[in-house]
Amino acid sequence: DKEEYLDEREDLINEDRSFRRSADLQLTDLEVRADAILQHLKQDWDSLATHEYPPAQRFHEVKAEYDTSPLLNVMQRLPKGAMLHTHPSATGSFDLLMDATYDSAAWIYLGQPKPWQPNRSLAYSDTLPGEHWVRIIDERAKSTNPEAFDRILLQSITLGLEDYERGDVWVHFENNFARMWNLVAAPEIWPAYMLNACRELAEQNVQLVEFHT
């Protein structure tokens, strides 16, 4: 019986909700109004079929929708208690890192992969880091398409749609960290990189950050 099933389903949902820590939480009138606004902003997405619902899709395929969502705008302005266990090299601005590759002290490794030094690893040093390292500005100058060069360089330290069909994404994820670390951790880069990361988090009302290096 469909009606009986729906009734039992509703009872089960209510029972499950009763175990939540917020089960006995009483909202103020202002909080009820705020919740109504959020529910209204979610209506456009909640009415979509599963195959169109952004949170059910691969993140990089729908990121543009998130970036223009009024929900994101609201969430960015809400105060947040804490961001726990975040890695600095995954938190800061990649634009800042790309800017650093235009310095003469920025290098790229074009040799055979080594443990924690995959091909196209980056570094920042006044002197040659070792064999098979070349200045990034020299490689960019040799490129027939500097914009494409920078796009490939950025892809080598970030995850994107191009990584979904390349097997174990976690391997590429770890390689990205390995490639960027000697650039991020350079004394000439690290302070400005971290300051910028903290500033961006503060702008989104994050109150506490636990960094793991």
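The model is predicted, so to speak of what counts: local features need pLDDT of at least 70, side-chain atom pairs count only at pLDDT 80 or more, and totals for chains, interfaces and linings use all residues. Residues are numbered from 1 along each chain as its sequence is written, and side-chain values use heavy atoms, with hydrogens and water left out.

I will begin with the inside. In soluble globular proteins, nonpolar side chains tend to be buried together. Here the largest nonpolar core has 20 residues. By nonpolar core I mean a set of buried Ala, Val, Leu, Ile, Met, Phe, Trp, Tyr and Cys residues joined through side-chain atoms within 4.5 Å. Buried is under 20% relative accessible area, exposed is over 50%, and partly exposed is in between, with a 1.4 Å probe and protein chains only. The residues with the most contacts inside this core are Leu97, Leu122, Tyr124, Ile136, Leu153 and Ile189. Among the elements that give two or more residues to the core are helix 5 (94-100), strand 2 (106-109) and strand 3 (122-124), along with helix 7 (146-155), helix 8 (169-184) and helix 9 (190-203). Helix 8 supplies the largest share, four residues. Helices (H or I, at least four residues) and strands (E, at least two) are DSSP runs, numbered from the N terminus.

Staying with helix 8, leucine 183 lies there. Leucine 183 is buried, at a relative accessible area of 1%.

Next, the charged pairs. Side chains of opposite charge can pair when their charged atoms come close. How many salt bridges does a search of the whole structure find? The search finds five, a salt bridge being a side-chain nitrogen of Lys or Arg within 4 Å of a carboxyl oxygen of Asp or Glu.

In helix 3 (residues 59-67), aspartate 67 and lysine 63 are four residues apart, which means about one helical turn between them. Their side chains meet in a salt bridge at 2.8 Å, N to O. Aspartate 67 is partly exposed at 46% relative accessibility, and lysine 63 is partly exposed at 36%.

Helix 6 (residues 136-142) holds lysine 142 and glutamate 139, three residues apart and so separated by about one helical turn. The closest N and O atoms of this salt bridge are 2.9 Å apart. Lysine 142 counts as exposed, at 62% relative accessibility.

Salt bridges that share partners also join Arg58, Glu61 and Glu165 into one network. Within it, the side chains of arginine 58 and glutamate 61 meet at 2.9 Å, N to O. Arginine 58 is partly exposed at 35%, as is glutamate 61 at 41%.

Last, the surface. Patches are made of residues with over 30% relative accessible area and no salt bridge, with like charges joined within 9 Å and nonpolar side chains (Val, Leu, Ile, Met, Phe, Trp, Tyr) within 5 Å. A negative patch is formed by Asp1, Glu3, Glu4, Asp7, Glu8, Glu10, Asp11, Glu15 and Asp16. Aspartate 16 is in helix 1 (residues 2-18) and is partly exposed, at 47%.

Leu25, Leu27 and Val32 make a nonpolar surface patch of about 280 Å², with areas from the Shrake-Rupley method and a 1.4 Å probe. Valine 32 lies in helix 2 (residues 29-46) and is partly exposed, at 43%.

Key
Lys, Arg positive; Asp, Glu negative; His and termini not counted. Charge placed at Lys NZ, Arg CZ, Asp CG, Glu CD.
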